[in-house]
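Dear colleague,

Please find below the structure that I am handing over to you. My notes on what was found in it follow directly after.

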Amino acid sequence: MKVEDLNLGQFYKSFTQLGQEDSIYERIISSPSSARAALKHELFETIGMERTKGVLLRYGWHCGVSDAKKMKEVDWDYSKELMLAGPKMHVLHGYLEDVIMPIKEVDFEKGTLHLDAIWVNTFEAIEHLKLFGLSETPVCDTMVGYASGYLSTILGEQVIVKEVECKAMGYENCRCICRTVKEWNGEVDEELTYYQSNSLINELDQTYEKLKIERDNLNKAYHVHERLMNEVLQENGLSSIVEILYETIGLPVLIEDQEHNLISFAGMPGKDAGLKKQNPSKNVNKTVFKQFDDGTKKLITPIFLQQKIKGYCSFLYEGSMPTELDKMILERAALACSTILLNERTRLNTEQRIRRSFLEDILSCRLTKQEMAKLAYHLGFKHNPSIFILNLKRSVQTMSFENELEFNEELINQLFMYFKDRNINALLAQKSEEIIILLSEGSLKENSVQMHQMVKNLLDYCIIKFPKSSFAIGISSTSSSMENAAQLYNESLAALYVTNKSRNIVYFDSLGIEGILFQVKNEEMIQKFINKQIGTLIEKDKNMELTKTLYHYLNNGCNVHKTARNMNFSINGLRYRLQRLKEILQTDINRPNVSFQLFFVLQSLIIRGELDIEIEIESDLDIDTDFVNK
């Protein structure tokens, strides 16, 4: 028999004549394509799209297997005719109008085939367009199942048909590819799951078990969250959070800052906790699980504060792996940590604003002595036996106004925490680019800190914390009365005025009488005074050699021989220069009142860094602070 001779009615009639004892006879029931489409729609609504696809694929598979068994009973002229009978049966059943197969390779002995078929006007695609409109995926599930079942039965190997183009997706016709599972090489693993029937009751049982697990997880996570929030409400710190987590989960817990420095931990010795603070990433902005080279495994989640990462909370693992419950609890713990950090920041900001306002009132002389003492007592600021002021100035590359405000606020917050962490009592305020810091000697003595070491450590801290900025500090003298704070501020400003790149820490006491000059806040007035005294000399002495000679001559008491020896200069050469200086300055530089003013101006230029001469002045580190080294 040939495929061209196959007629569905004659075919079933001939099998009927064989008799029912052959168990081949089957009744054929026809149904409208619209009814099938309505059934598919009902299945969609009842059991969902994925299950409906599985039902239709398996239904088509059983239809294809049934027809394949019948076709194998027919005496075909060629074995290939058995394969070609499948598309013919497709058409005879009314599933489509025509089948075109540009590629049709089959080897019954090796159990391989490769078919590429075009289906013309399939009933499933047409009915889908009527009911639902265009689809994003292929919809001919019954036909795909039929072809898969038919080909698998005649070949003896499992064949999976995959629809790659569909009329319901907007293509002119539907196109499918037919191969054995082996030949697909894993490409149809997802499709294979649809051919495995699964009882809806079993699925419901599995779903129930999953829901039960989820319910238990939610209950446990809720109780943990409730305990964490109680700790927050009782204003306990991060240490209580890690203890609760370790007690509940039984896993080691770490809390780190944004630089991955350890803040708090539980479930391990301190020496081990310090080794577990490897930096997993600078941008961990969601919960992730990471494994490090030393075998350490971490489940990490960020701690956010005002939409910025302020730290990380982590669970450590050895043999086990994270569960969904671990992730839920860790994220709730991070939320509790964020709330604690927010409360701490609010409390610190409030305290900082009060202390800042107090210092501003002191510097503006708005408070009486009694008011100062009362407020200092309430703020816990001990101003005995004496106080002094640091004036810290930062220089940074050009930035927008908003970024500058944010930078200044972050800087003063960091400084506030710096002193608080070291138990050093300080009042901070801000003026323009300057941070004013009022400190008491008593606070330093209590912490066994020496002034110059404290200042150096503070400067190093600022440079490390803000590497893109440069900093300088001017330090006032000390006073036993807070009423003199405004004067101390002017002194610190004068000291700050003469800082430069090579000398970023200056004590007012090291300036001598020049410090009085630099307390004058009018830069123009200072420059006029300098120009009046030696402006002509600076203009004519481009290499500053005569100016340096004048300084050394005045510094040696106007003694020619002593100056010549110190400068390693001849007497005649020095006399020539001195005569030249008198002519340029048009004054007698040996007169005491003239030499004093000239020496005063030259000292000022040296301190300001405008005259390159090494002078012997009182060292900043030799100032008697009467402190003990830390």
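Gly-111 sits in the loop that joins strand 1 and strand 2; helices (H or I, at least four residues) and strands (E, at least two) are DSSP runs, numbered from the N terminus. With a relative accessible area of 9%, Gly-111 is buried, a term that stands for under 20% relative accessible area, with exposed over 50% and partly exposed in between (1.4 Å probe, protein chains only). Neighbours within four places in sequence aside, Gly-111 is in contact with Leu-155, Glu-157 and Thr-180, where contact means heavy atoms within 4.5 Å. Gly-111 and Glu-157 are 46 residues apart in sequence, yet their C-alpha atoms are 6.1 Å apart in space.

Please note that this is a predicted model, in which local features need pLDDT of at least 70 and side-chain atom pairs count only at pLDDT 80 or more, while totals for chains, interfaces and linings use all residues. Residues are numbered from 1 along each chain as its sequence is written, and side-chain values use heavy atoms, with hydrogens and water left out.

The chain as a whole contains 23 helices and 14 strands. Of its 630 residues, 45% are buried. Among contacts with a separation of 6 or more, 63% are between residues 24 or more positions apart.

On a 1 Å grid over the protein atoms alone, a cavity is a set of points where a 1.4 Å probe fits but cannot get out; a pocket is an open set with protein on both sides within 12 Å along at least five of seven lines; and lining residues have an atom within 4 Å of a point. Grid points are joined across faces, edges and corners, and a volume is the space filled by probe spheres set on the points. The whole structure has one cavity of 30 Å³ or more, and the largest cavity holds about 140 Å³. Its lining comprises 15 residues, with Gly-86, Pro-87, His-90, Ala-147 and Leu-151 nearest the centre. Two or more lining residues come from each of helix 4 (79-92), strand 1 (98-107), strand 2 (112-120), helix 6 (141-155) and strand 4 (174-180). The lining has 13 nonpolar, two polar and no charged residues; Ala, Val, Leu, Ile, Met, Phe, Trp, Tyr, Cys and Pro count as nonpolar, Asp, Glu, Lys and Arg as charged, and the others, Gly among them, as polar.

The largest pocket has a volume of about 890 Å³. It is lined by 31 residues, and Leu-341, Arg-345, Leu-348, Gln-414 and Met-417 lie nearest its centre. The elements that each supply at least two of the lining residues include helix 12 (324-363), helix 14 (401-421) and helix 16 (451-465). By class, this lining has 11 nonpolar, seven polar and 13 charged residues.

After helix 20 comes Gly-557, with a positive phi near 70°. Thr-563, in helix 21 (residues 560-567), is buried with a relative accessible area of 0%. Residues up to four places away in sequence not counted, Thr-563 touches His-552, Tyr-553, Asn-556 and Leu-574.

With kind regards
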